[in-house]
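Here is a quick tour of a chain, meant to be read with the model open beside it. We start with the overall picture and then stop at a few spots worth a click.

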Amino acid sequence: METNTEDDISSSESVIHNKGVKHLCETGVANVPKKYIFPVSQRNNEKEVLQQGLSAGLNVKLPVIDFAELQGPNRLEILDSLSKACENYGFFQVINHGISIDTIGNLIDVSRRFFQQPMEERSKFMTTDVRAPVRYGTSFNQRKDSIFCWRDFLKLVCHSMEDSLPHWPTSPSDFRDSILEYAKQNKFLFLKIMEAIVESLGVVPKTRGNENNHVLNDFVSKEFENGSHVMVINCYPSCPQPELTLGMPPHSDYGFLTLLLQDEVEGLQIQHEGQWLTVEPIPNSFVVNIGDHLEIFSNGRYKSVLHRAIVNANKSRTSVASLHSMPFTNVVRPSAKLINEENPRRYLDTDYATFLDFLSTCQLQEKNFLDSRKL
């Protein structure tokens, strides 16, 4: 009986790719496999790859929001800066946020150690079920992606802790404690930033003092206190040919806000005025970006912006993205206070189930989910 050697090779390669990039690197791969090579039009420019970190012209310093100032007498000025950042960049960085250096350091450390474990340990959580409370995977959606990106991830559901926590990894031994402490503090920071976002949009009137604090607190607590919180720990191994592939392709995030913690290795790029610009990491700061849900809620005033991750030949990179939104069962729609004759409603209602159905049936590309919600 004859065997189809080509099919056997294809099947074997598929098994290897589905085990992730970290496993691929552990096999000693010297060249980027065909499955990970992006079309020339979508790749990072080779010259830019070689110059990353050397040419200031390729880098961007995002607007910086001092969280401590948001709580002080200069709140109105900071709200104005926040509004401009959301309108002009869709991204900003937060400093003096109150999350301790120890909590951040422990998170990055335990995240790296998780991915340093043997494949047998990591693969316990490997699934293609996008609804799983814990999901270890590669690329974006390994069932749908025609081209894989140079990334492995561990996705953790961080709301409904009593249901989610028992599914989290127990190795490394300090994994759950480190992640749980960080998740709690990250959620608090998100709620406070959302108060500022809501006020900056005028959904709740701006005040210099704390006259409207109770109104802000009530509004944000009602909408987001029990909201969804998904943490994605990203591992971008060093790549032998970084000019051929991407850590993540251009995309927008689906929630309200994403709070990104990244190590010292550059890799995040945002699209701004037609160019891809590399975000300079600020130690112990958060990069915050507008998600699709906030673009809908703001009726288009604050836009989710395309961003991607590049990789390099010398260093692995670790980042932790915390995606926050309303509860999965809630409907996201434009705020009634932001709709009028001059600014009519621009988006359909949506919810998380709609997004998951889209993700399960389509290849997520750029802002195609949000585009499906536009009127």
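## The chain as a whole

A residue counts as buried here when its relative accessible area is under 20%. By that cut-off, 53% of the 375 residues of the chain are buried. Keep in mind that this is a predicted model.

The chain holds 13 helices and 13 strands. How much of the contact list joins residues at least 24 apart, if we count contacts between residues at least 6 apart in sequence? The share is 76%.

Helix α9 has 27 residues. From its first C-alpha to its last, α9 reaches 38 Å, close to the 39 Å expected at 1.5 Å a residue. Of those 27 residues, 20 are buried, so α9 is largely enclosed by the rest of the structure. Just after α9 comes G202, with a positive phi of about 85 degrees.

Two packed helices are described by the angle between their axes and the distance between the axes. For α5 (residues 75-88) and α9 (residues 175-201), the axes come within 9 Å and cross at roughly 85 degrees. Angles of 65 to 115 degrees count as roughly perpendicular, so α5 is roughly perpendicular to α9. On the α5 side the contact is made by R75, L79, L82, S83 and C86, while α9 brings in E195, A196, I197, E199 and S200. Sorted by type, the residues of this contact divide into 5 nonpolar, 2 polar and 3 charged.

Most residues other than glycine have a negative phi, and most peptide bonds are trans. Against that background, a few places are worth a look. A cis peptide bond joins S171 and P172, with omega about 0 degrees. P172 sits in the loop between α8 (161-164) and α9.

Then there are two non-glycine residues with positive phi. E273 has a phi near 50 degrees, and its place is in the loop between β9 (268-272) and β10 (275-279). N299 has a phi near 55 degrees and belongs to the loop between α11 (292-297) and β12 (307-309). Is each of them buried or exposed? E273 counts as exposed, because its relative accessibility is 72%. N299 is buried, with a relative accessible area of 2%.

## Around α12

Helix α12 (352-361) has Y352, F355, L356, F358, L359 and S360 as its buried residues. Those buried residues pack against α13. An α-helix has 3.6 residues a turn, so residues three or four places apart point the same way.

S360 is one to zoom in on: this α12 residue has a relative accessible area of 18%, so it counts as buried. Which residues does S360 touch, not counting those up to four places away in sequence? They are V130, R131, R143 and K144. S360 and R143 are 217 residues apart along the chain, yet their C-alpha atoms are separated by 8.7 Å.

Next, F328, in the loop between β13 (317-324) and α12. F328 is partly exposed, at 28% relative accessible area. Leaving aside neighbours within four places in sequence, F328 is in contact with H159, S228, V230, D351 and Y352. Y352 is also among the buried residues of α12. F328 and D351 are 23 residues apart in sequence, and 6.7 Å apart in space, C-alpha to C-alpha.

K367 is found in the loop between α12 and α13 (368-371). K367 counts as buried, because its relative accessibility is 16%. Where does the side chain of K367 reach? It goes to the backbone oxygen of S304, at 2.7 Å. Apart from neighbours within four places in sequence, K367 is in contact with S252, E295, S304 and L306.

K222 gives us another lysine to look at, in helix α10 (residues 213-224). K222 is exposed, with a relative accessible area of 70%.

Terms used
Residues numbered from 1 in each chain as written. Predicted model: local features only at pLDDT ≥ 70, side-chain atom pairs only at ≥ 80, totals over all residues. Heavy atoms only, no water. Helix = DSSP H or I, 4+ residues; strand = E, 2+ residues; numbered from the N terminus. Buried < 20%, exposed > 50% of the residue type's maximum accessible area, 1.4 Å probe, protein only. Polar contact = N/O pair within 3.5 Å; in protein donor to acceptor, adjacent residues only side chain to side chain. Contact = heavy atoms within 4.5 Å. Axes fitted to C-alpha atoms, helices over the stretch in contact; angles between N-to-C directions. Parallel < 35°, antiparallel > 145°, perpendicular 65-115°, else oblique. Nonpolar A, V, L, I, M, F, W, Y, C, P; charged D, E, K, R; others polar. Expected span 1.5 Å × (residues − 1).
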